[in-house]
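Visitor: I have a structure open and would like to go through it with you. Could you show it here first?

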Amino acid sequence: MRQTIFDALAALINQNVLPAGLETHNVVVEPSRDPAHGDMATNAALVLSRRANMPPRDIAHALADVLRDDVRIDTADVAGPGFINLRLSADAWRGVLGGILALGNAYGRSDWGNGRRVNVEYVSANPTGPLHVGHGRGAVLGDALASLLEFSGHDVTREYYINDGGAQVDVLARSVYLRYLEAHGQKVAFAEGTYPGDYLVSVGKALKDRVGDRFVGQNENVWLSEIRDFATDAMMVMIRADLALLGITMDVFYSEKSLYGTGRVEAAIDDLRAKGLIYEGVLDPPKSKMPQDWEPRKQTLFKSTAHGDDVDRPVQKSDGSWTYFAPDIAYHYDKISRGFDELIDVFGADHGGYVKRMKAAVSALSDGRVPLDVKLTQLVKLKQGDAELKMSKRAGTFVTLRDVIDMVGADVTRFVMLTRKNDAPLDFDVEKVREQSKDNPVFYVHYAYARIQSVLRKAAEAGIDLRVDDLSPITDSAEFALIIKLSEWPRLVETAAQAREPHRVAFYLYDLAGLFHALWNRGNTDPRLRFVQEADAKTTAAKVALLRATAIVISNGFDILGIDPVEKM
RNA sequence: GGCCCCGUGGCUCAACUGGAUAGAGCAAUCCCCUCCUAAGGGAUAGGUUGCAGGUUCAAAUCCUGCCGGGGCCGCCA
């Protein structure tokens, strides 16, 4: 439709009604919010008025005259300050259905991304324990975003960065050592700064099975490195299993540890140094809570302020060892060198303070070539009815992602996580989402799909010839409302991909399901609107075509969200 | 103190990135099942989009300043 508008504009330029070379990228054609305004509307005249130096309503009238010549357009009216409201012909809308059926699961796919290579890094939880609900949100967002970009023609790599190089994995190793001693019958105490979670019990046992009593009574320097490797491997097995429960498979697991001892951290820092962005210096103390023990220390700093950060950031501690930031720089350096056109990081909200320095690093390392987009996911507040499920490691009320999936299922977990945009906090009520009602959006969409399948079964049982050669029996406004919604799907995918907001797909499916249920119920009062017309194969075939198209779109939407449609409820 | 995110009917959230009279769901009131799944649908009511300015044909959206909530802020990751 947009193209039709552009063609009309070109015609006007040819007739010298409009000057050539107008900026048209702001021209939008969108479905009307108010049906009284027709099917679609365009703001073309308003956008062009200034540059064309003509009153918007004059342009609008000229444009409407051209558009009315198009057979697919029934009416084109100028409204308000210069909108053009379009009403398409019934045949034009019926044609949309045929297009959807022909494209099937490709309907909505596009080459908009032009094969651009995008790396989506998500989850990247420390390998020190099971995934919790917050990780789950990042996992679902990252995965749906990756699918959305694939659907829109990008070449996507899903990647997990394993933080297996820092002090936290030493803590893990010590905790596992305690469980190992426990497996040998010793009584152990978990001091402050160890992980007391019982998920390490089995790891301690497994370690015993492997090394026997070789480490019992030994000093840390004997066993630390070996147990660390053993334990992080065990944690990653567990994390992969948690992700698998959500249907998430990563293309790449990238180990932080693998950066060390290979000169790659040094190489990344050297690259920055060659650009004059590394220097020795002393940072100002933090402005707020002035620490008692603050001492000015000389550190190696990255001049991130040259790339938009607020202060320069340390890459080496005063004792010469790397900060956490340094391997992260090296890791992103590696991603850049692998040739990605765009990087996306999905982080938890607690990493908000980290965004600017990371962007600065990527900007510096790629000389501004590779954009880094950081999506922060806000907190998930887990509730059971009115009660809030507190997640406290100490109190032992640690609710894991696995717990939640066990309670409500993977599909529900995924969908609910996507019913909020990523930068809004999410209330997740494990009771409500198990309800089979409209209050539960997952159910509502599943139900629509299942109802459609039910009709298809009924039609098949009735032995009706469902070959579609004529869609003219589709005449009702509720039917057209559904078609119009279906026609919006490709545009929705594209704008959602552009904005990198997969939640829009979830909301769209909910709306779509609502229109379908409304149409269904109209059949209760008006039998002519029922889908299966036993005595009229032609009409049934046309209505079934509408249903199949609806099922296709739901299925394609679910595909992006990583949810399997159900045939029957 | 600085930086980031968020303030939309009683509640939980949308709003196609600047478009027309700001839309859904809960909760409230009233209707619709001899009929493809009522596990659903329809109708009514509810709003100065936190406040005040600004930008323009047009602002919930962009800019500035306040108010309120959350997150982060050197040698933790």
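**Around the RNA strand**

Guide: The surface near RNA strand B has 26 nonpolar, 18 polar and 22 charged residues. Here a residue is near a strand if one of its heavy atoms lies within 4 Å of it. Ala, Val, Leu, Ile, Met, Phe, Trp, Tyr, Cys and Pro count as nonpolar, Asp, Glu, Lys and Arg as charged, and the others, Gly among them, as polar. This is a predicted model, where local features need pLDDT of at least 70 and side-chain atom pairs count only at pLDDT 80 or more, while totals for chains, interfaces and linings use all residues. Residues are numbered from 1 along each chain as its sequence is written, chains are lettered from A and ligands numbered from 1 in the order in which they are written, and side-chain values use heavy atoms, with hydrogens and water left out.

Visitor: OK. Which of the 66 residues around RNA strand B come nearest?

Guide: Those are Arg-50, Gln-436, Tyr-444, Ser-454 and Arg-530.

Visitor: What does the side chain of Ser-454 have close to a phosphate oxygen?

Guide: A polar side-chain atom of Ser-454 lies 2.3 Å from a phosphate oxygen of RNA strand B.

Visitor: And which base atom does Asn-85 sit by?

Guide: A base nitrogen of RNA strand B, 2.4 Å from a polar side-chain atom of Asn-85. Asn-43 has a side-chain N or O atom 3.1 Å from a base nitrogen of RNA strand B.

Visitor: Which helix gives the most to that surface?

Guide: H17, with 9 residues. Helix H17 covers 503-525, and among the other elements that supply at least two residues are helix H14 (441-461) and strand S4 (83-88). Helices (H or I, at least four residues) and strands (E, at least two) are DSSP runs, numbered from the N terminus.

Visitor: New topic. How many residues are in the largest nonpolar core?

Guide: There are 116, and those touching the most other members are Leu-67, Val-123, Tyr-160, Leu-243, Phe-428 and Trp-489. Helix H18 (residues 537-561) provides the largest share of this core, 12 residues. A second, separate core has 31 residues, including Leu-259 and Tyr-331. A nonpolar core is a set of buried Ala, Val, Leu, Ile, Met, Phe, Trp, Tyr and Cys residues joined through side-chain atoms within 4.5 Å. Buried means under 20% relative accessible area, exposed over 50%, and partly exposed in between (1.4 Å probe, protein chains only).

Visitor: Is Lys-335 buried or exposed?

Guide: Lys-335 is buried, with a relative accessible area of 0%. This lysine is in helix H10 (residues 325-337). A polar contact of 2.8 Å joins its side chain to that of Glu-121. A polar contact is a pair of N or O atoms within 3.5 Å; within protein, one must be able to donate a hydrogen and the other to accept it, and residues adjacent in sequence count only if both atoms are side-chain atoms.

Visitor: How many aromatic pairs are there?

Guide: The structure holds 16. One of them, Tyr-177 with Trp-223, is stacked, at 3.9 Å centre to centre and 10° between the planes. Rings of Phe, Tyr and Trp (its six-membered ring) pair if their centres lie within 6.5 Å; planes under 30 degrees apart count as stacked, over 60 as edge-to-face and the rest as tilted.

Visitor: Where are those two in the chain?

Guide: Tyr-177 is in helix H6 and Trp-223 in helix H8 (residues 220-245), 46 residues apart. Both are buried.
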